[in-house]
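The following report describes a protein chain from its overall form down to selected residues. Please read it alongside the sequence and the model.

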Amino acid sequence: MFENYKVFETDFAGRPLKIETGKIAQLANGACFVRYGDTVVNVAVTASAKPRDGIDFFPLSVDFEEKLYAVGKIPGSFLKREGRPSDKAILTSRVIDRPIRPLFPKDMRNDVSVVCTVMSVDPDCSPEIAAMVGTSAALSISDIPWKGPISGVSVGYVDGEYVINPTAEQREKSQMAVTVASTDKLIAMIEAGANEVSDEVMYNGIMAGHEANQKIIEFIKGMQAEIGKAKFEYPSNEPDPEMLAAVMEFATEDVKLALDTDDKTVRDERLKPIYEKVHEHFDPIYPECEAKIDECMYKTQKNVVRRWLLDEQKRVDGRAMDQMRPLAAEVGLLPRVHGSGMFTRGQTQVITAATLGPVSDQQLLDGIDGEEFKRYMHQYNFPSYSVGETRPSRGPGRREIGHGALAERALLPVIPPVEEFPYAYRLVSEVVSSNGSTSQASICGSTLALMDAGVPIKAPVAGISCGLITEGERWMTMVDIQGLEDFFGDMDFKVAGTHEGITAIQMDLKIDGLTPEIVKEALEKTHKARDYILDEIILKCIPAPRAELSKYAPKMLSITIPVDKIREVIGSGGKVIQKICAECDVKVDVEEDGSVFISGTDIDNCNRALTIVKTIVEDPEVGAIYKGRVTRLMDFGAFVEIAPGKEGLVHISRLDVKRTEKVTDVVNVDDEVLVKVLEIDDKGRLNLSRRDALIEVEGLTPENEISDAPRRPRRDDRRGSNGFRPNNNRSRN
């Protein structure tokens with residue numbers, strides 16, 4: 001039945017990789033059923049038969065679809081089916097998109113769709129890597145024009161050794177998580193998170209990944225040679241060479257004058273009349289070619305910028321190649337938020353607000369990678385006004401989610417562990433002005449906001465980007481690229497880190513790939529630049545995290561209790577924990593491992609709740625002072641509950657520093673009082689003293705002396721409310 005069915009097998013980092021073709025999704029232009037260990041990903045690539053009209057870009061879409069049945073889960077939504085893609089799925093789609101996009105013909109306008117459906121997950125065999133390899137194989141054997149293949153691997157660093165495609169256990173121990181995609185000659189994509197590793201460790205890890213990719217590239221080339229289809233023809237969208245030459249000759253000098261400024265607004269205003277002038281001149285000569293004339297103008301601007309950089313070593317705004325734009329930092333802009341920071345780099349400006357919350361505010365995740373929650377959340381917003389445009393807000397797109405994740409990855413290594421600082425974090429970076437490198441400005445702004453909030457981060461983090469211009473064998477890099485250099489350049493190499501090392505990398509390319517020399521130079525230049533930002537801008541603005549949290553931030557305390565005591569703290573039906581929350585005006589969260597987190601706006605209330613929890617799980621100590629609540633009154637004293645289920649007697653002689661005639665002269669039911677534990681008798685009963693607590697805590701002087709602690713009254717000494725002893729000798733008839 002499946003006469004074209006083929007199976008191709010190889011070893012991939014010590015685990016079997018099997019790619020099946022000709023059996024599943026046969027109507028797609030190309031399809032691969034990828035088995036990596038027990039991970040299974042179905043990859044299908046399709047292309048439209050005709051180009052899309054009226055567009056000036058290549059319409060490629062990549063979707064990484066997580067199916068929860070792949071890990072034996074039922075979706076948690078009301079509909080019980082997968083909905084919008086998770087952030088992790090979107091980030092994986094971007095990681096696959098970035099290395100394959102530059103290898104498509106730039107003049108093609110046919111829609112191309114890549115769909116990677118994760119159908120089974122082996123935690124030791126990454127579905128993201130399987131999807132990337134499957135995409136490369138499917139495109140290579142399809143009839144879609146593409147200059148692949150590529151391969152991708154993940155690289156870990158465990159105990160001083162590089163590990164290709166680390167297992168789940170190895171990922172837990174790894175000091176970095178780097179995804180490297182390669183062609184047969186060049187490095188096509190880098191996505192990295194790391195725990196402050198050095199430039200050398202990172203570079204060598206990238207090279208280890210690049211080397212490991214070569215085996216899979218040869219494997220896919222073998223598939224392509226055996227079953228690959230001939231690539232289809234498509235109508236080119238490139239303008240006529242004669243038209244391009246004419247437009248460039250007509251407009252180049254005007255374009256040079258227009259672009260020669262560091263002000264994006266001025267530059268845009270200067271270009272408008274040039275476009276009008278060009279169309280007025282060329283529209284009659286080339287009728288119905290307005291889009292291609294605009295393409296010629298784009299190429300004219302690109303040629304001017306690249307000639308300046310390569311031939312004259314001149315940047316649009318007059319900076320040197322290793323010089324950054326003017327920088328500024330500010331904290332405390334927003335008085336009511338828990339922490340805020342603004343970072344400005346030229347005309348790029350980002351404000352980040354930090355919000356602290358109880359650990360229970362962490363984000364719950366419903367994905368396929370085993371990650372169940374996220375304590376540190378970073379979000380990035382890019383409104384249209386930041387680039388001087390008018391466009392309705394439709395929520396975050398893939399770019400916004402990607403930039404937020406990059407900042408999150410960059411700062412996560414310096415966030416204190418929950419045991420030291422038991423908070424959940426939400427940072428929101430608002431781009432208020434954009435002229436390139438907003439993602440890196442959001443990293444710097446977020447460092448400022450965290451320090452302003454009083455978060456004891458391990459070290460401040462700064463981010464910077466490095467650009468690239470290539471022409472044949474010639475190439476040159478520059479730091480802190482602005483929008484025009486990013487738009488007309490070949491690379492945006494973003495690196496974030498501390499003085500000690502790198503915490504995150506993201507590399508976007510418009511060319512086939514980078515040589516090792518370019519990667520090394522980019523790492524060196526960005527390291528020097530981020531050190532300058534840290535020393536001269538961030539640390540001069542705020543030298544260290546604030547010693548105290550904002551008065552508007554919740555106060556947080558934590559304790560770890562024995563697991564077998566959790567039931568006592570929660571109580572039947574949650575009665576005990578609800579009572580603690582109500583009485584102390586706090587929020588109490590108890591984790592399965594015995595971690596207890598207490599949050600509230602008043603630190604005294606938090607401390608009281610903590611004392612109550614301690615009192616529940618530990619026996620009260622003689623000599624310790626507690627805040628309790630009066631539960632019952634007797635003629636001889638008052639009963640005070642210092643914790644749920646822990647109640648003791650304060651004898652009337654111990655109620656006050658002066659002589660007390662009636663209990664109600666001092667306390668009433670539900671009053672909160674300080675008491676000191678005087679004695680725990682052999683039956684576990686507590687004898688308490690308000691008098692001793694007042695003397696010790698408030699320094700009051702007693703008006704009467706008590707020689708010995710009064711004994712606890714016997715049952716037959718206790719009188720009823722009418723003053724008579726109860727008759728315990730009931731008559732029997």
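How many helices and strands does the secondary structure of the protein chain come to? The count is 15 helices and 29 strands, where helices (H or I, at least four residues) and strands (E, at least two) are DSSP runs, numbered from the N terminus. The radius of gyration of the protein chain, which is taken over C-alpha atoms, is 34 Å, well over the 27 Å that the globule rule gives for 733 residues, so the chain is more spread out than a compact globule; the rule itself is 2.2 Å times the number of residues to the power 0.38.

This is a predicted model, in which local features need pLDDT of at least 70 and side-chain atom pairs count only at pLDDT 80 or more, whereas totals for chains, interfaces and linings use all residues. Residues are numbered from 1 along each chain as its sequence is written, and side-chain values use heavy atoms, with hydrogens and water left out.

**Overall form and surface**

Taken along the principal axes, the box that the C-alpha atoms of the protein chain fill is roughly 120 × 65 × 45 Å. Of the 733 residues, 52% are buried, a term that stands for under 20% relative accessible area, with exposed meaning over 50% and partly exposed in between (1.4 Å probe, protein chains only). Where contacts (heavy atoms within 4.5 Å) have a separation of 6 or more, 69% of them are accounted for by residues 24 or more positions apart.

The chain carries 92 positive and 117 negative side chains, and the centres of the two sets lie 6 Å apart. In this count Lys and Arg are positive and Asp and Glu negative, while His and the chain ends are not counted; the place of a charge is taken as NZ of Lys, CZ of Arg, CG of Asp or CD of Glu.

**Domains**

The protein chain is divided into domain 1 (6-184 + 198-227), domain 2 (241-312), domain 3 (327-541), domain 4 (554-618) and domain 5 (621-703), with bounds that come from an automatic or database domain assignment. Taken over C-alpha atoms, the centres of domain 3 and domain 4 are separated by 36 Å. The contact takes 11 residues from domain 3 and 9 residues from domain 4.

**Selected residues**

The table gives the relative accessible area of several residues.

| Residue | Relative accessible area | State |
|---|---|---|
| Ala25 | 33% | partly exposed |
| Asp97 | 15% | buried |
| Thr117 | 13% | buried |
| Asn165 | 3% | buried |
| Gln175 | 34% | partly exposed |
| Asp619 | 67% | exposed |

Thr117 is found in strand β6 (residues 110-120), and, not counting residues up to four places away in sequence, Thr117 touches Val40, Val41, Asn42, Glu65, Lys67 and Tyr69. Asp97, placed in helix α1 (residues 87-100), is in contact with Leu60 and Val62 once its neighbours within four places in sequence are left aside.

Gln175 lies in the loop between α3 (168-173) and β9 (176-182). With neighbours within four places in sequence left aside, the residues in contact with Gln175 are Tyr157, Ala194, Asn195 and Val197; Glu196, 21 residues from Gln175 in sequence, is 8.1 Å away in space, C-alpha to C-alpha.

Which residues have a positive phi although they are not glycines? Ala25, in the loop between β2 (15-21) and β3 (30-36), has a phi of about 55°, and Asn165, in the loop between β8 (161-164) and α3, has a phi of about 50°. A further backbone feature is the cis peptide bond that joins Gly148 and Pro149, with omega about 10°; Pro149 is found in the loop between α2 (127-141) and β7 (151-158).

Finally, Asp619 lies in the loop between α14 (603-617) and β25 (625-634). Asp619 and Asp254 are 365 residues apart in sequence, and 85 Å lie between them in space, C-alpha to C-alpha.
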